[in-house]
Amino acid sequence: MEIKADTTVCIGAGMCALTAPEVFDQSEDEGTVVLLRQTPPDGQEEVVRRAVTLCPSGAISAS
Amino acid sequence: MSDFTLPMTRQRPFDPPNEVAELRQQASMHRMTYADGHVGWLVTGYAEARAVLAHPGFSNRPEKMHAPIPSRLDLVGERRDRGVPRGFFLRTDAPEHTRYRKQLTGQFTVRRMKALESRITEITNACLDDMAAAGGTVDLVQAFALPIPSLVICELLGVPYEDRAQFQEDSKILVNLETKADDVLAALGRVSAYLHGLIQRKRKEPADDLLSGLIESGELDDEELTGVAFLLLVAGHETTANMLGLGTYALLTNPDQLAAMRDDPSVVDNGVEELLRYLTIIHLGPFRLATEDVEISGNLIKEGEMVGVHLPVVNRDPSRFPGGEHLDVTRPAGGHMTFGHGIHQCLGQQLARGEMRIAYPALLRRFPALRLAVTPEEVPMRSDMTIYGVHRLPVTW
């Protein structure tokens with residue numbers, strides 16, 4: 001699985017950082033998504049997919 | 001043509017109107033006649049609701065919108081004759097919306113909201129202490145549901161302690177739609193003037209709070225900052241307050257669910273999501289106006305047509321939440337649309353989660369014998385308001 005994040009469409013709702021904190025964080029100044037790693041930790045594919053579904057602005061993807 | 005108009009009357013306090021629930025069984029999108037005769041749409045399906053709210057072909061600006069029901073004075077930017085107050089960015093579109101939202105998202109991150117938890121706990125415990133001292137029968141709305149979010153917003157905005165009583169008094173008038181329009185306008189003026197003055201004070205003496213942070217970034221002028229502060233006040237106050245009031249009422253009438261929320265800390269986070277889903281206090285809208293022809297699930301929404309999303313029914317769509325007509329704090333409730341979807345999804349949702357995750361269990365553990373002091377039928381419901389909830393919730397323990 002490869003994870004991507006697009007800060008230009010991110011609206012900082014924080015759902016990714018709440019759902020998969022080992023993969024996603026938020027920047028201190030803008031609150032937009034910060035990708036901590038491009039691939040999920042072992043056994044976290046499902047939780048990353050859930051974060052992608054929960055993102056309101058389509059800023060993150062996993063393929 | 002459509003002879004369907006939006007019903008607001010509920011047959012049961014926790015369930016959306018039967019007519020809308022029945023509509024969903026027929027299809028996910030429906031023609032609906034708005035208050036001025038405009039024929040637009042009403043969305044009752046989960047997938048369609050997500051598609052509409054995420055689509056860039058819809059506007060949230062109020063100027064050309066058609067009211068879904070004959071409207072009263074509405075604080076959430078519905079005074080179309082005056083347009084959108086500057087800084088009231090909920091009712092703007094990209095890229096104007098983007099500019100404001102980017103200024104604020106850094107202040108509402110998951111991390112920052114977690115840092116507020118100890119203050120939320122202190123505020124909650126102070127309310128519970130006052131309740132315990134008062135004893136007898138207490139209106140949970142006045143003693144618990146309203147003051148907690150109000151004081152948390154004061155904390156966030158940096159309203160000094162000595163100003164909080166007046167600030168709370170005026171906010172209470174604003175969110176209580178039993179108040180006469182003249183009184184609302186007067187309170188509106190006082191709160192705006194107060195926020196404007198507060199911003200000027202913060203400009204001179206910055207502190208560690210949201211307004212000082214916004215001032216420091218230098219992007220917004222005082223009028224915009226006043227609009228932003230006012231939006232945060234309204235959006236963060238009435239919503240969480242009604243969730244705390246209505247949520248407690250729902251738990252009191254579902255004792256097994258209450259016991260789980262009280263006794264099992266591992267249930268609380270998901271239980272809050274389930275209460276958000278099951279109660280869906282946003283029972284009027286959100287509404288959008290198509291700025292181009294948009295096709296959703298084979299339906300052509302024409303430019304200029306209104307689309308309303310019926311969130312309470314969407315959040316019970318059986319294709320997404322099987323058995324969703326029941327409250328079950330152990331159901332996987334993530335993905336509910338109570339905070340909306342798309343670029344306007346609630347900015348303060350992580351704060352709201354923090355408040356509810358602390359306040360519900362704190363209340364239930366402090367008063368394990370908490371119960372209604374009236375019959376369930378006697379609890380007055382906010383049926384005709386933008387945000388659903390209870391007007392009063394008399395409880396004892």
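The exercises below, each with a worked solution, concern a predicted model.

**Exercise 1. Overall form of chain B**

Task: Find how many helices and strands chain B has, and compare its radius of gyration with that of a compact globule.

Solution:
- Begin with the secondary structure: chain B holds 15 helices and ten strands.
- Next, take the extent: along the principal axes, the C-alpha atoms of chain B fill a box of roughly 60 × 50 × 40 Å.
- Then apply the globule rule. A compact globule of 397 residues would have a radius of gyration near 21 Å, and chain B has 21 Å, so the two agree.
- Turn to burial: 46% of the 397 residues of chain B count as buried.
- Finally, consider contacts in chain B between residues at least 6 apart in sequence; 70% of these join residues at least 24 apart.

**Exercise 2. A pair of helices**

Task: Describe how α5(B) and α15(B) pack, and state which residues meet.

Solution:
- Locate the helices: α5 of chain B covers residues 117-134, and α15 of chain B covers residues 349-366.
- Two packed helices are described by the angle between their axes and the distance between the axes.
- Here the angle is about 35° and the axes are 10 Å apart.
- The crossing of α5(B) past α15(B) is right-handed.
- List the residues. From α5(B) come Glu117(B), Ile120(B), Thr121(B), Thr124(B), Asn125(B) and Leu128(B). They meet Gly354(B), Glu355(B), Ile358(B), Ala359(B), Ala362(B), Leu363(B) and Arg366(B) of α15(B).
- Sort them by class: the contact of α5(B) with α15(B) has six nonpolar, four polar and three charged residues.

**Exercise 3. Where chain B touches chain A**

Task: Determine how many residues of each chain are in contact, and which element of chain B gives the most.

Solution:
- Count both sides: 17 residues of chain B are in contact with 19 residues of chain A.
- Name the elements of chain B that give two or more residues to this side: α3 (96-105), α4 (110-115) and α15.
- Of the elements, α3(B) gives the most, with three residues.
- Sort the side of chain B by class: four residues are nonpolar, ten polar and three charged.

**Exercise 4. The largest nonpolar core**

Task: Give the number of residues in the largest nonpolar core and identify those with the most contacts inside it.

Solution:
- The largest nonpolar core has 124 residues.
- Those with the most contacts inside this core are Cys16(A), Ala51(A), Ile148(B), Leu157(B), Val228(B), Ala229(B) and Val307(B).
- Helix α11 of chain B (residues 222-252) gives the most to this core, with 15 residues.
- Now take Cys16(A), leaving aside its neighbours within four places in sequence: Cys16(A) is in contact with Phe24(A), Val33(A), Ala51(A), Cys55(A) and Ile60(A).

Terms used
Residues numbered from 1 in each chain as written. Chains lettered and ligands numbered in written order. Predicted model: local features only at pLDDT ≥ 70, side-chain atom pairs only at ≥ 80, totals over all residues. Axes fitted to C-alpha atoms, helices over the stretch in contact; angles between N-to-C directions. Helix = DSSP H or I, 4+ residues; strand = E, 2+ residues; numbered from the N terminus. Left-handed = near helix turned anticlockwise from the far one by under 90°. Contact = placed C-beta atoms within 7 Å. Nonpolar A, V, L, I, M, F, W, Y, C, P; charged D, E, K, R; others polar. Rg over C-alpha atoms; globule rule 2.2 N^0.38 Å. Buried ≥ 20, exposed ≤ 12 C-beta atoms within 10 Å, placed from the backbone. Core = buried A, V, L, I, M, F, W, Y, C linked by C-beta atoms within 7 Å.
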